[in-house]
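Good morning, and thank you for making time for this item. I would ask you to look at the sequence and the structure as they come up, and then I shall go through the fold step by step.

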Amino acid sequence: MLKERTAAELADALDGMQHHQHNTGGLSMLDEATLEFGWRYPSIGPAQEAFAKARHLHKRSYRTEVGNYSDESWQDAMDAARQLAEALRPLGETRIPRCKERTGWGTCGIGLKDDGTCPATDEHRTTEQ
Ligand SMILES: [Zn+2]
């Protein structure tokens, strides 16, 4: 799962997107996987936000008359992806610990708090229910 990758692996995945032009699904997954790195690390926050913005603009650039997304907005998204990769790479093997509890939608998967507890325990499915 993309969300369980280390910062360095996510940086590689971001760089690799250059070879998958207009792959909005891939960008969306990388946005989701890097979101909590942005929340936790001030060095990553701005680059993550810029990437999220650029990939949304690319997604919205679809023109039915052309039948595709704009190449220019893809390039902007790739520039943002490269900067996010540069911000992530120094964190190396760091990964966000994820909650493994079961919920109504499958594994919880939310990033654990610093004290190792899940911020969404209300969503956990207990055997007593
Ligand atoms: Zn949880």
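Into which domains is the chain divided? There is domain 1, residues 2-91, and there is domain 2, residues 97-129. Please bear in mind throughout that this is a predicted model. Taken over C-alpha atoms, the centres of domain 1 and domain 2 are separated by 26 Å. The C-alpha trace of the chain spans about 55 × 35 × 20 Å along its principal axes.

Let me turn to secondary structure. The chain contains four helices and two strands, and from the N terminus on the order of elements is α-α-α-α-β-β. Of the 129 residues in the chain, 25% are buried. If we take contacts between residues at least 6 apart in sequence, 51% of them join residues at least 24 apart.

I begin with helix H1. Its buried residues are Ala7, Leu10, Ala11 and Leu14. Seen down the axis of H1, these residues fall within an arc of 105°, and therefore they line one face of the helix.

Next comes helix H3, residues 45-60. At 1.5 Å a residue, its 16 residues should span 22 Å, and the end C-alpha atoms are 23 Å apart, which agrees. The buried residues of H3 are Ala47, Gln48, Phe51, Ala52, Ala54, Arg55 and His58. They pack against helix H2, residues 24-40, and helix H4, residues 71-88.

In soluble globular proteins, nonpolar side chains tend to be buried together. Here the largest nonpolar core has 23 residues, and those with the most contacts inside it are Leu14, Phe51, Ala77, Ala81, Leu84 and Leu88. At least two residues of this core are supplied by each of H1, H2, H3 and H4. Which helix gives the largest share? It is H4, with nine residues.

Leaving aside residues up to four places away in sequence, Ala77 touches Leu27, Ala54, Arg55 and His58. Thank you; I am glad to take questions.

Key. Residues numbered from 1 in each chain as written. Predicted model: local features only at pLDDT ≥ 70, side-chain atom pairs only at ≥ 80, totals over all residues. Expected span 1.5 Å × (residues − 1). Buried ≥ 20, exposed ≤ 12 C-beta atoms within 10 Å, placed from the backbone. Contact = placed C-beta atoms within 7 Å. Domains from an automatic or database assignment. Core = buried A, V, L, I, M, F, W, Y, C linked by C-beta atoms within 7 Å. Arc of directions from axis to C-beta.
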